[in-house]
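Let's walk through this structure together, one region at a time. Keep the view open as you read.

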Amino acid sequence: MSVQPMVKAEAVHKSFGAAHILKGVDLEVAPREVFCLIGPSGSGKSTFLRCINHLEQINAGRLSVDGHLVGYREHDGKLYELKDREVAAKRRDIGMVFQRFNLFPHMTALENVMEGPVQVKREAKAVARERAKALLDRVGLADKAGNYPTQLSGGQQQRVAIARALAMEPKLMLFDEPTSALDPELVGDVLDVMRGLAEDGMTMIVVTHEMGFAREVGDALVFMDDGVVVESGHPRDVLSRPQHERTKSFLSKVL
Amino acid sequence: MTEVTDTFDKGPAVAGSPYEPIRAIPVRHYGRWISAVVVVALLAWLVYAFSQGNILWGTVWDKLFDRTVLQGLWRTVLISVCAMAVGLVLGLLFAVMRLSKNPVTGAVAWLYIWFFRGTPVYVQLLMWFNLALIFPVINLMPLYKNDTVAVMTPFVAALLGLGLNEGAYMAEIVRAGIQSVDEGQTEAAHALGMTGTRTMRRIVLPQAMRVIIPPTGNEFINMLKTSSLVSAVQYTELLRSTSNIGSDSTAIMELYFVACFWYLVLTSVFSVGQFYVERRYARGSLRTLPLTPWQKVRANLTTLRRPKVA
Ligand SMILES: Nc1ncnc2c1ncn2[C@@H]1O[C@H](COP(=O)(O)OP(=O)(O)OP(=O)(O)O)[C@@H](O)[C@H]1O
Ligand SMILES: [Mg+2]
């Protein structure tokens, strides 16, 4: 018996009104894998990522995380929509890091990291504070715990955002272009943190334009275009010897 | 990991070359002088007019702390605060209803705002007060039953009239505040596993407060003044109690002065409070909070005592 995939997508479709964005995405992400997702702008990478934690609802196909359907319960061959509360409960196990950080501006870095454990997991404040401090230390920001997000650089904000997601002890982390809003000299710090996570065996899906990171850290890579998976394989193979014309032309533009 | 080190204060010191300060003849702002003189003259004329007017300043002073006046003052504060509280709760409720995905609650909220914002508060007050004309008995079947006249005391009529009217305005203010919060905030909260209500309470509303509070302060100042209308439903607040004394003692204008004095005290005291509340909710949106007046004084004192050495 093979291991259960962390994420499994079968013919996933998603439309916004008349706009058909995902047109049958098939892919599998194994546990402990760093799974990179690349593709041109508008190809549906963010949309797919958001479907995984049910920020968007899929229209057709099957999408499951750790063996459980996203957003539905299956019983006697019928699908039942999950209640808000149940959807929220499932999201606890999936961390998400956004392109524009989305830290809570009215809370300090420490409070941002504590918010999930205290409010969602009902962890005691003292415990959550100690863990939050340790997490901030892990992302290299122990001395910025008391700063509000506006008092942090972009790179520091993104590292706090990663710590905030990790505080929920997720089994899967989603990164949506975590470094593309950053000044070039700040990208390295964030990628270092992500590399550390990968070494610790976190399952990660990373939408990125950082081909260097994908090549070095990635275990699998998928090239998506126009709502479908065009090509997939080991990052080194896909990046060095792309098979499809669309992959070739995309890579020639970004490399 | 490298932190951004500040290189600013390590820059090369400017060589202390002796320089010649510019000596120029400043522009003369004749216009400013003339307008200042005109304004001061008008002001002086106004003061003179009042000093010569037929005003018993002694009466103003005597009645300022009259027991009846102070009682009226207290009741003005009471009805304003209570009506504002009703308005806040209703405003929050109807704002959330208007933004909800449920079309029925949305429509109900719209209808409420349409009616209570679209008719004069004075008319609404009178209608509450006279409710007994159409519903002689209030009958909440299993729970409560009483004559409307007994329930609809001046205070209740005033509270309902002012509170429901305020709720309609507050609903729009709260809605604007909620909508001002970036959608990314809701998504980040959902991604952490927060439910919709918790997201609203912990993430969206605290940020919306920054937008909600300044107009709410204005609403409250308006409320302090609009509460003078409730004398129409026999609630004896500041204006009613002063004008009662005024007409009894034939010092009508004098007691309006007394009323103005207390209204100004109320609105001024409240404005100070508003400053501190706004400052509290500016946390995180400004890199440095504005100084409180007290901090400003202290800062000035310290710089006076210890002048900066160049
Ligand atoms: N909520 C929405 N409503 C309507 N259209 C949407 C919505 N979200 C995304 N889209 C559309 O879906 C398409 C794919 O968007 P998506 O954000 O997934 O692309 P992407 O691959 O992440 O691109 P980028 O690299 O620019 O982030 C775009 O054309 C976008 O306009
Ligand atoms: Mg995107």
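A polar contact here is a pair of N or O atoms within 3.5 Å; within protein, one atom must be able to donate a hydrogen and the other to accept it, and residues adjacent in sequence count only if both atoms are side-chain atoms. With that in hand, look at ligand 1: one of its oxygen atoms is 2.8 Å from an N or O atom in the side chain of A:K45. An oxygen atom of ligand 1 also lies 2.6 Å from an N or O atom in the side chain of A:S46, and an oxygen atom of the ligand is 3.0 Å from a polar backbone atom of A:G44. The protein covers 58% of the 640 Å² of accessible area that ligand 1 has on its own; such areas come from the Shrake-Rupley method with a 1.4 Å probe, and for residues only the protein chains shown count as cover.

Before going on, a word on the model: it is predicted, local features need pLDDT of at least 70, side-chain atom pairs count only at pLDDT 80 or more, and totals for chains, interfaces and linings use all residues. Residues are numbered from 1 along each chain as its sequence is written, chains are lettered from A and ligands numbered from 1 in the order in which they are written, and side-chain values use heavy atoms, with hydrogens and water left out.

Now step back to the whole shell around the ligand. The residues surrounding ligand 1 (those with a heavy atom within 4 Å of it) are A:F16, A:I21, A:P40, A:S41, A:G42, A:S43, A:G44, A:K45, A:S46, A:T47 and A:E177. They divide into three nonpolar, six polar and two charged. In this sorting, Ala, Val, Leu, Ile, Met, Phe, Trp, Tyr, Cys and Pro count as nonpolar, Asp, Glu, Lys and Arg as charged, and the others, Gly among them, as polar. Helix α1 (residues 45–52) of chain A gives the largest share of the shell, three residues. Helices (H or I, at least four residues) and strands (E, at least two) are DSSP runs, numbered from the N terminus.

Staying in chain A, find A:K23 in strand β2 (residues 19–29). A:K23 counts as partly exposed because its relative accessibility is 31%; buried means under 20% relative accessible area, exposed over 50%, and partly exposed in between (1.4 Å probe, protein chains only). The side chain of A:K23 makes a polar contact with the side chain of A:D226 at 3.2 Å. Leaving aside neighbours within four places in sequence, A:K23 is in contact (heavy atoms within 4.5 Å) with A:V12, A:H13, A:D226, A:G227 and A:V228.

Two loop residues of chain A have backbones to check. A:H54 lies in the loop between α1 and β4 (60–65), and its phi is near 65 degrees, a positive value in a residue other than glycine. A:E169, in the loop between α5 (154–166) and β9 (172–176), also has a positive phi, near 50 degrees. Are these residues buried or exposed? A:H54 is buried, with a relative accessible area of 15%, whereas A:E169 counts as exposed at 52%.

Next comes the interior. In soluble globular proteins, nonpolar side chains tend to be buried together. A nonpolar core is a set of buried Ala, Val, Leu, Ile, Met, Phe, Trp, Tyr and Cys residues joined through side-chain atoms within 4.5 Å. The largest one has 51 residues, and those with the most contacts inside it are A:L136, A:I162, A:M173, A:F175, A:M194 and A:M204. Its largest share, eight residues, comes from helix α6 (residues 184–199) of chain A. A second, separate core of 42 residues includes B:I79, B:A157, B:L162 and B:V233.

That brings us to chain B, which has 12 helices and two strands. Buried residues make up 33% of its 310 residues. Helix α11 (residues 252–281) holds B:T267, which is buried at a relative accessible area of 13%. Not counting residues up to four places away in sequence, B:T267 touches B:I221 and B:L224. B:Q274 lies in helix α11 too and counts as buried at 12% relative accessibility.
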